[in-house]
Amino acid sequence: MKPNLPQSKKERYLTFFLGDEQYGIEIERIKEIIAMMKITGVPKIPKFMRGVINLRGSIIPVVDTRLRFAMESREADMHTAIIIVEVEKVNIGFIVDRVEEVASIDKASLSEPPKFGSYIDTDFISAVAQMGENVVMILDVIKLFEADEIIDLEQIQNSNTSDA
């Protein structure tokens, strides 16, 4: 009789690039992926917030993921996409340079994210996975925002939805 060995569980992630860095988000959080579209600016929002989009009647706040990660902003091109992600019951659009694929990653191959000391915040990286030659940083989208920022995003979404 063989011992009951734990089955290796695969998780699915949408992977995308910002520059040369590859990231992943749990597929369950992804609502949809859309091409870059016109973003309407909203006054007095943080710099990393680009504004809102009207997606089939729903107002969605949009984050420039590069700015959120303290990277240089860049012009959109034909590969630029907006990933609509549900964060604490709020749909948020994340601008990314290029969507790569839906990858199945063995849970056993996920490792702890590196620690860079107390001054560098990497809490939003929940794990790191090796995929071929690439290292994929798995994001915890909830930890990308402070609690009050999520409330602000929810208010932006709700106030603009009630106006529509």
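Start with the open sheet of five strands, in the order 3-6-7-5-4, with mixed pairing. Strands here are DSSP E runs of at least two residues, helices are H or I runs of at least four, and both are numbered from the N terminus. Two strands pair if DSSP finds at least two bridges between them. Select strand 3 and strand 4 (49-55): these are the edge strands, each pairing on one side only. From one strand to the next, the twist averages 30 degrees; axes are lines fitted to C-alpha atoms, and angles run from 0 to 180 degrees between N-to-C directions.

Before going on, note what is loaded. This is a predicted model, where local features need pLDDT of at least 70, side-chain atom pairs count only at pLDDT 80 or more, and totals for chains, interfaces and linings use all residues. Residues are numbered from 1 along each chain as its sequence is written, and side-chain values use heavy atoms, with hydrogens and water left out.

Color by pLDDT, the predictor's confidence in each residue, from 0 to 100. The protein chain averages 84, and 80% of the residues score at least 70. Confidence is highest in strand 3 (residues 30-35), at a mean of 96, and lowest in helix 2 (residues 147-163), at 61. Where pLDDT is low, the predicted coordinates should not be read in detail.

Back to the sheet. Select strand 4 and strand 5 (residues 58-64): they pair antiparallel over six bridges. Pick Gly-51; its bridge partner in strand 5 is Val-62.

Next, select the open sheet of six strands, in the order 8-1-2-11-10-9, again with mixed pairing. Strand 8 (98-106) and strand 9 (110-111) are at the edges with a single partner strand each, so one side of each has no neighbour in the sheet. Strand 10 and strand 11 run antiparallel, joined by six bridges. Ala-127 has Ile-138 as its bridge partner in strand 11.

Now show side chains. A nonpolar core is a set of buried Ala, Val, Leu, Ile, Met, Phe, Trp, Tyr and Cys residues joined through side-chain atoms within 4.5 Å. Buried means under 20% relative accessible area, exposed over 50%, partly exposed in between (1.4 Å probe, protein chains only). The largest core has 26 residues; Phe-16, Val-85, Phe-94, Leu-139 and Phe-145 touch the most other members. A second, separate core of nine residues includes Ile-34, Ile-53, Leu-55 and Val-62.

Finish at Ile-25, in strand 2. At 2% relative accessibility, Ile-25 is buried. Leaving out residues up to four places away in sequence, Ile-25 touches residues including Phe-16, Val-85 and Leu-139; contact means heavy atoms within 4.5 Å.
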